[in-house]
Amino acid sequence: MSPRTSLETLLPALSEAYGPPGREAGIRQALRKALRGMGALSEDALGSLHLHIPGRGKRLLLTAHMDAPGLIVARVDGSGLARLSILGPMSAADWIGAVVGLDGTANGVVGWDRPRDAKDSREVDPEALYLETGLGPKQAPKKIPVGTVGALHDRAERLGDLWCGGNLDNRAGCAAIVAALSGVRGLKSDLHVVFTAQSDLGARGAATSAFGVEPDVAVVLDVAFVGESRGGDIALGKGPCLGLKEEGYLPHPAALELAKRAAKAARVPHQWLIRESGGSDARAVRASRAGVPTALVAIPARKTGGPRVLVNASDLEQTVKLMRQIVTTPYTGERGSR
């Protein structure tokens, strides 16, 4: 892989940027810096970041959500502990022990009031989570008032062939798109790239962005976890996944063909992703306006049983190659064909 922008520096910088759902200012700023000089940048009312690189051909939309799991302070109890509510799909058990940043006001560590009679330690009631900041009962309500939003305080790091980090879903996808576009030549489309906000609250940024761009074809980039595919389980190190099914979504045949042709041309190995439940932003993009031909590409990831996940460096590099090939491959399908 020879992207002008190195993943070795880009991914850690993006992963540590503050950006929980609805509070994406930090990651927007980091992405603006990384995208400087690539095209026209703008921000919509929901908080998604748009990049437009004008070109001839069909209007192609690439999306990757930039928000990461978060927590919101529901109340501060008499001992100074912040009681929490979860923002996004990350389970309560995975939050235990996580270091959380509160956008410059304080840092803390997530704990759990385990019931004395608990028979199964894996069953964690979200209402039992708390944030210990070291602030006393007088300081805590002032420093971390109700409504304060926190995010994983984390920076991705290399562990041999793997990337390890808490915010790789989906900062890995954001990094892959930035690296793919760095120095790219020969675009075959009018390219619109959106780093979407509030995905973890229900694909909100993807829905509004696709509506505004009104693309001829779209490719959504996300991550997929080992163990959630029924199409022959996915594995790290075997290349990015092409989505065949998830809740409320099937790929448009012409959009899927674009991704398959690009993978073949770039000699990128790929896996198939079939989800029986849950999903990505692809559903919202596919259903925008009168419908958008949409393909889903997902980077394989593995959960660690805590706040961090693992991504194979080779899979990420192969995803960069695939995305670069997609934007330099002409889309021949007709919008609205079935």
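This is a predicted model: local features need pLDDT of at least 70, side-chain atom pairs count only at pLDDT 80 or more; totals for chains, interfaces and linings use all residues.

Residues are numbered from 1 along each chain as its sequence is written, and side-chain values use heavy atoms, with hydrogens and water left out.

A nonpolar core is a set of buried Ala, Val, Leu, Ile, Met, Phe, Trp, Tyr and Cys residues joined through side-chain atoms within 4.5 Å; buried means under 20% relative accessible area, with a 1.4 Å probe and protein chains only. The largest such core has 62 residues, and L31, L62, I177, L181 and F195 touch the most other members. Helix α5, residues 168–181, gives the most to this core, namely ten residues. Helices here are DSSP runs of H or I, at least four residues, numbered from the N terminus.

Which residues does L181 contact, leaving aside neighbours within four places in sequence? They are M38, L51, L191, V193 and V327, where contact means heavy atoms within 4.5 Å. Another core, of 21 residues, lies apart and includes A82 and L152.

Let us turn to helix α1. In α1, residues 7–15, the buried residues are L7, L10, L11, P12, L14 and S15. Among the elements covering them are α2 and α5.

At the start of α1, a side-chain oxygen of S6 comes to within 3.1 Å of the backbone nitrogen of E8.

Definitions and conventions: Buried means under 20% relative accessible area, exposed over 50%, partly exposed in between (1.4 Å probe, protein chains only). Helices (H or I, at least four residues) and strands (E, at least two) are DSSP runs, numbered from the N terminus. A polar contact is a pair of N or O atoms within 3.5 Å; within protein, one must be able to donate a hydrogen and the other to accept it, and residues adjacent in sequence count only if both atoms are side-chain atoms.
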